[in-house]
Amino acid sequence: MKTFIKNIGQLATLASSKKGARKKEDMSNLAIIENGAILMKNGLIEAIGTTQELQSQYMNELKDALIFNANGKLVTPGLVDPHTHIAYGGSREQEFDLRLRGASYMDIMNAGGGIHATMRMTREATEDELVAQTAKRLDGFAKHGVTTVEGKSGYGMDLETELKQLRVMKRLQQSHALDIVPTFMGAHAVPKEYKGREDEFVDIIIRDMLPKVAQEKLAEFNDVFCEKDVYTPQQAERILEAGKKLGLVPKIHADEIVSYGGAELAAKVGAISAEHLLKVSDEGIRQMAEKNVIACLLPATALFLREEAAPGRKLIDEGVAVAISTDCNPGSSPTVSMPLVMNLACISMRLTPAEALTAATYNAAYAINRQEFIGSLEVGKKADVVLWDVASYEELQYLFGVNHVKSVWKSGKKIV
């Protein structure tokens with residue numbers, strides 16, 4: 001099957017000859033083609049250029065292609081969400097009211113709510129129930145222009161439920177249109193029964209959980225919540241180094257509540273990314289830039305928790321590659337809207353419209369090691385394409401809080 005999209009006003013390809021996630025001024029290079037066109041074939045990008053060039057060069061091939069007229073609108077790569085917690089049971093809308101009445105995130109969690117509440121509901125749900133709930137969220141992502149989603153476990157904190165979450169994502173990878181990239185996060189919180197005995201639970205993760213995840217090839221990454229009253233940097237390092245020995249690439253929830261050395265640990269263990277970073281230190285920023293750790297920033301989470309957003313502008317100016325994500329989860333960011341996240345990256349973190357688009361595509365692909373296949377529109381890459389009902393990328397970020405998606409193609413197949 002061949003598909004041809006023509007008369008694209010701005011075709012933001014984000015193509016680049018450079019290797020590595022984009023930093024500093026490179027984050028503003030969208031490699032735009034005016035009056036562009038894309039030819040998709042067998043799930044990949046066959047050709048890209050101006051409408052005139054492709055119509056002339058591929059005249060014969062276009063005779064039996066599906067042809068879409070973009071009518072001067074914007075086209076970008078499919079959005080990439082590099083940090084979500086999509087496979088969970090239940091909901092926590094009652095905690096929203098509690099927070100508005102003054103309860104903090106850690107107050108709620110320490111009282112048995114928060115992650116612990118979702119843990120109970122996820123343990124109780126069957127695998128089929130979790131598949132159905134998660135598929136609905138993935139449908140929502142697709143409608144908002146997302147074509148690839150990273151998903152973490154972490155709402156089980158026992159071997160059986162952690163494996164159940166990862167198996168849910170494996171099933172959906174096979175049955176859903178979107179690509180799902182799995183991350184093991186058994187160290188998302190400390191189970192209540194192990195409070196005061198955290199090192200014992202760390203031992204269980206290392207001895208029992210990680211080997212089983214690796215044996216079944218259920219995850220590519222290993223994440224840990226390194227935070228005061230959760231896991232110390234020393235405990236987090238043990239878990240991440242144990243995962244590395246089993247072939248799992250480190251990620252880390254770092255410096256969200258307080259400055260706790262998480263960014264520095266990400267640099268030390270060679271993590272592909274450090275997430276959150278609301279309270280990142282200057283030294284942590286320096287080390288992340290030096291070690292090429294990607295900063296995965298979550299502005300919707302900061303907004304929902306009514307916290308000051310991560311210092312996105314500073315991170316970019318100091319040479320850290322920045323990606324952005326919804327952090328879709330039931331407690332602190334119940335959204336699937338990457339367009340809103342791009343808007344918030346501009347408004348609350350002072351990214352430019354071009355930087356926000358790069359952070360949601362090119363750099364996000366690097367944050368989940370998918371840069372060879374997605375994140376930019378280049379010949380040979382997956383035909384993951386979004387047509388927006390706006391004329392430019394500037395307009396996409398300017399008209400905030402609106403879903404401007406008109407059409408989405410995943411691997412060359414129109415899914416929205």
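**Notes on the predicted model**

1. Residues are numbered from 1 along each chain as its sequence is written, and side-chain values use heavy atoms, with hydrogens and water left out.

2. Strand β2 (residues 32–41) pairs with strand β3 (residues 44–50) in the antiparallel sense, over six bridges; pairing requires that DSSP finds at least two bridges between two strands. Together β2 and β3 make a hairpin with two residues between them, and Asn42 in the turn has a positive phi of about 55 degrees.

3. Zooming out, you will find 16 helices and 16 strands in the protein. These are DSSP runs, numbered from the N terminus: helices are H or I with at least four residues, strands are E with at least two. The radius of gyration is 21 Å, close to the 22 Å from the globule rule for 416 residues, so the protein is as compact as a globular protein of that length. That radius is taken over C-alpha atoms, and the rule is 2.2 Å times the number of residues to the power 0.38.

4. The C-alpha trace spans about 70 × 45 × 45 Å along its principal axes. Of the 416 residues, 60% count as buried, meaning under 20% relative accessible area (1.4 Å probe, protein chains only).

5. Among contacts (heavy atoms within 4.5 Å) between residues at least 6 apart in sequence, 73% join residues at least 24 apart.

Conventions: Predicted model: local features only at pLDDT ≥ 70, side-chain atom pairs only at ≥ 80, totals over all residues. Buried < 20%, exposed > 50% of the residue type's maximum accessible area, 1.4 Å probe, protein only.
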